[in-house]
Amino acid sequence: MAAALTVLLIGCLLQTALCGQFKTIIPQTIKVLSGSCVTIPCSFDVEDQYISRIDGTCRAMWKSDEQTVVFDSSNPQSSAIQGELKGDLTRRDCSTTLNNMRPEHSKEYLLRVQCDVFKHSFRDQKLHISVTDDPPTPTLTPSTLKVEEGTSVSLKCSAPAPCLSHPPALTWTSSLVHIQESLQENLDRTKVQTSVLTFTASRLHHGKIISCTAVYNKQDGSSQSVSTSLTADVSLSSQFIILPQTIEVLSGSCVTIPCSFDVEDTYKSNVDETCRAVWKNDQGTVVFNSRDPQTTGHLTGHLTGNLTNRDCTTTLNNMRPENSMKYFFGLECDNGLEYDFKTRHMDISVKDDPPTPTLTPSTLKVEEGTSVSLKCSAPAPCLSHPPALTWTSSLGHIQDSLQENHDRTKVQTSVLTFTASRLHHGKIISCTAVYNKQDGSSQSVSTSLTADVSLSSQFITFMPQTIEVLSGSCVTIPCSFGVEDKYKTKEDETCRAVWKSDQGTVVFNSRNPQTTGHLTGNLTNRDCTTTLNNMRPENSMKYFFRLECDGVKYDFLEKQVDISVKDDPPTPTLTPSTLKVEEGTSVSLKCSAPAPCLSHPPALTWTSSLGYIQDSLQENLDRTKVQTSILNFTASRLHHGQIISCTAVYNKQDGSSQSVSTSLTADVSYSPKHTTVSVSPSGPVPENSIVTLTCSSTANPAVRSYTWYRADGGQETVMGTGHVLNIKASRDIGPFFCEAENAIGSGRSNISQIDVHIAPQILSSYGCIQTADQLNCSCETVGNPPPALQWYLDGLPVNHSDRFATSSEPLNISGLRSIITVSQPQQRDLSTLLCHSSNSLGSATQRFCVNNLEPQISAKHQDFVMLLVFITIIVALFLIICGLLLVIRAQRTHQVVHKSTVAMSQVLTSGEADEEPNAEEEAIYINTNEARQGGVAEPAANSEPNSANLPGEEGSDVIYSSVNWKTKSRKRKEEDSEQGSAW
């Protein structure tokens with residue numbers, strides 16, 4: 001028996017009933033924002049004997065004391081505090097909404113249930129309602145954030161939601177990752193709006209202020225907001241990398257890879273400015289290197305993060321389906337630190353079609369008058385070209401933002417906020433994401449839902465709180481209304497719309513509108529939208545709507561619209577109000593101007609037609625209209641500093657017009673452009689003089705470093721650094737260029753070269769080749785300005801004739817080769833042949849000693865000739881040794897024979913060892929340069945013949961030598977005396 005009673009008692013408690021006692025279950029206290037509603041969660045119980053009396057005749061009454069009834073559900077619109085019974089009394093649910101609470105309503109309230117056969121005031125339980133002018137501050141849980149890098153974090157923001165038709169909208173100023181919103185219930189059945197922010201902590205979050213803002217929309221259309229925040233404290237781990245696991249990319253677009261890393265403590269000092277980011281595919285192939293981002297590997301892009309801050313975020317451009325694979329990050333520094341973070345791979349999937357945007361919530365089923373927020377989300381893998389989100393039904397206020405997912409990838413969001421009305425019922429609301437590719441093309445994809453709005457069952461109107469109008473123009477008042485269920489059948493074709501001023505004066509009657517205006521809505525659809533014409537400043541006052549039908553007449557006094565008539569039009573709004581972007585970023589500027597007169601909406605124009613313009617008429621939260629114009633373009637350096645303005649032209653009903661403008665100045669950051677080199681002094685400079693090089697470039701932000709390079713063919717060698725570089729002019733300086741770098745990138749100048757003037761110089765490659773009937777001599781010279789070459793013989797210039805032929809050809813930019821051909825050279829004395837080179841800075845002369853020369857072997861075949869000479873000498877020595885051995889054997893004696901070594905070139909003899917040369921001394925001329933190259937020592941000169949006084953002869957490389965010849969018989973006679981021949 002005791003057990004049965006226990007079970008019964010527990011069952012009663014679980015049902016929140018007290019088993020037949022008079023009791024209400026309501027909160028003890030509710031705080032409400034002034035101008036908003038309050039929904040009182042309420043249930044009650046009665047003694048068992050009265051349960052059957054709780055029927056359809058019952059009504060809920062709320063009292064502030066024993067005598068004062070502030071709300072009666074049987075006549076909610078005439079109550080002191082208007083509202084609506086939300087619960088069903090037959091189910092003992094007394095939940096009630098009280099509208100438009102004011103500070104004077106701050107007091108205690110009790111419930112009274114009154115039926116035809118039952119009446120009871122529940123005095124034992126009272127509710128204290130506190131109406132404040134400021135909204136309650138949201139709560140962050142946890143209130144502090146101190147975690148280690150890589151930790152998964154969830155932050156919950158909570159804000160009371162006393163008015164269920166207008167719950168607070170929660171937003172995070174730092175959109176770090178995934179956000180999940182919900183309306184939860186407290187222990188006392190009051191509601192609280194929550195938003196949970198989930199992300200993985202990284203070093204980039206350290207010190208970041210994370211705040212949550214609660215926006216409370218009041219019933220009069222105005223709003224108030226309040227925020228709370230914390231500062232993230234993220235400690236660093238020893239070695240790791242944070243990458244998304246998967247990123248989906250649209251073909252032809254870029255992908256920004258969010259990336260952060262750390263290294264072991266012993267290597268932290270190695271992460272410096274010399275480090276570069278390297279991305280490799282799963283096969284180990286380098287596809288991107290930040291040191292040479294435009295040419296290395298298979299993909300181009302740029303490092304957007306700062307490696308010294310352990311941020312390896314990178315953008316890869318123009319992704320294609322064949323780039324779908326896994327990638328990992330590698331760190332390479334000049335100080336020896338190299339590490340591949342192979343523990344974490346990222347899978348990039350490149351698709352031909354963009355991802356479908358997501359609508360939250362995916363369905364919309366609300367009651368008329370409810371504040372609605374629809375969020376459209378689309379992935380934004382390419383940060384320079386995020387998707388543009390548009391709503392096909394512009395129902396209210398739209399707020400766009402770029403948020404961050406749990407893995408630090410980005411998502412573009414657009415939140416559409418409006419108050420649901422019967423006009424929205426059945427309307428298709430769709431969101432379209434337009435993805436602009438890097439080649440200028442675009443693709444779009446849409447998602448949608450159908451609104452299901454249930455009608456109100458009480459006398460209520462929905463209209464703006466305030467409308468500002470330009471004098472001489474019209475005003476369209478968006479208006480809808482509801483009536484109690486018992487009067488719904490009275491709404492018919494006999495109904496008319498009447499507008500009265502707050503003084504009770506009728507200013508418009510749809511039955512006799514004349515020229516004052518016209519009813520644009522359909523009263524049978526409870527649409528009381530009306531246009532009033534030719535508004536003047538004296539018409540600035542409050543107005544309310546009156547419904548007059550044959551079966552029902554009602555003044556909707558609880559909601560009035562305040563119309564303010566101005567002499568000047570309202571200034572249009574630019575969103576965003578400032579523009580600071582990087583070159584190549586896709587930009588959308590929205591210009592908005594109120595459109596109170598729907599027949600004459602403002603015309604919006606842009607002074608700088610930078611790109612594609614899309615105009616539309618959108619709807620605010622209070623259903624007033626706003627004309628918008630969106631300017632889409634890709635930011636470039638040409639836009640930097642440009643003033644972009646939007647002008648709104650308002651045409652009045654009398655034919656005149658007024659205009660007003662707003663503007664911003666574009667701040668576009670870009671890598672160095674138009675990088676040029678200037679040389680001082682300009683023009684030709686003498687060799688060994690000091691030359692000043694200056695590198696100039698346009699960039700935003702300013703250039704932070706200049707580097708000078710020498711372009712040696714395919715190699716680039718650093719010459720120096722700095723905006724100005726002083727160097728010594730020399731003939732070997734070669735072509736060069738400068739590179740300017742800022743935080744965005746770098747730019748290079750064209751190849752430049754200094755015009756260094758040098759005196760002529762004759763190269764050592766001169767020489768002669770003689771055949772039987774002609775002599776060919778060549779002379780090569782360099783200098784700047786390019787020198788001229790002239791041949792001289794006997795001190796006179798050699799001109800082209802039947803005996804002499806000259807030709808010239810350029811060697812390079814400042815060189816020249818000249819060839820002279822002499823016919824029958826044996827008939828002339830050529831000992832005075834000279835090559836003379838000259839320019840404006842001086843001259844050089846080379847003498848050719850070619851008198852009585854035998855045919856010579858060209859320098860080109862010198863190695864081959866030397867080889868033949870060497871072979872000839874070896875053969876001769878072998879024959880001599882064999883002859884001597886035969887003589888020794890024949891004589892059978894042990895005489896010592898002095899051997900003579902003949903060291904005379906076969907080119908200078910007749911070729912026979914027994915042949916006696918001419919008795920007279922013959923002069924042998926040798927080119928000393930060739931002799932030195934061949935390792936031949938210079939012989940001592942016996943005498944030097946007189947030479948003609950020719951230009952440039954002094955200092956010529958000429959050696960004179962005489963050779964004395966003796967016969968074989970004389971040689972044998974002198975062998976016994978061991979006297980050698982003189983050469």
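**A cysteine and its surroundings**

Modeller: Cys 333 is buried, with a relative accessible area of 4%. Buried here means under 20% relative accessible area, exposed means over 50%, and partly exposed is in between (1.4 Å probe, protein chains only). This is a predicted model, in which local features need pLDDT of at least 70 and side-chain atom pairs count only at pLDDT 80 or more, while totals for chains, interfaces and linings use all residues. Residues are numbered from 1 along each chain as its sequence is written, and side-chain values use heavy atoms, with hydrogens and water left out.

Start with the partner. Cys 333 forms a disulfide with Cys 275, and their sulfur atoms are 1.9 Å apart. A disulfide is counted when two cysteine sulfur atoms lie within 2.5 Å. Such a link is a covalent bond between the sulfur atoms of two cysteines. The torsion about the S-S bond of Cys 275 and Cys 333 is about 100°, so this disulfide is right-handed. The two ends come from distant parts of the chain, 58 residues apart: Cys 275 is in the loop between strand 22 and strand 23, and Cys 333 is in the loop between strand 27 and strand 28. Strands are DSSP runs of E, at least two residues long, numbered from the N terminus. Cys 275 also counts as buried, at 10% relative accessibility.

A second pair can be set beside this one. Cys 259 is joined to Cys 312 by a disulfide, S to S 1.7 Å. Here the torsion about the S-S bond is about -75°, so the disulfide is left-handed. Cys 259 lies in the loop between strand 21 and strand 22 (260–262), and Cys 312 in the loop between strand 25 (301–303) and strand 26 (314–316), so the bond ties together parts that are 53 residues apart in sequence. Cys 259 is buried at 0% relative accessibility, and Cys 312 is buried with a relative accessible area of 0%.

Next, the nonpolar core. A nonpolar core is a set of buried Ala, Val, Leu, Ile, Met, Phe, Trp, Tyr and Cys residues joined through side-chain atoms within 4.5 Å. The largest one has 29 residues, of which Phe 261, Trp 279, Phe 329, Leu 331 and Ile 348 touch the most other members. Strands that each supply at least two of its residues include strand 21 (255–257), strand 23 (276–281), strand 27 (325–332) and strand 28 (338–351). Strand 28 gives the most, with 4 residues. Another core, of 28 residues, lies apart from this one and has Ile 40, Cys 94, Cys 115 and Ile 129 among its members.

Cys 495 sits in the loop between strand 40 (480–482) and strand 41 (496–501), and Cys 549 in the loop between strand 45 (541–548) and strand 46 (553–566), 54 residues apart. Both Cys 495 and Cys 549 are buried.
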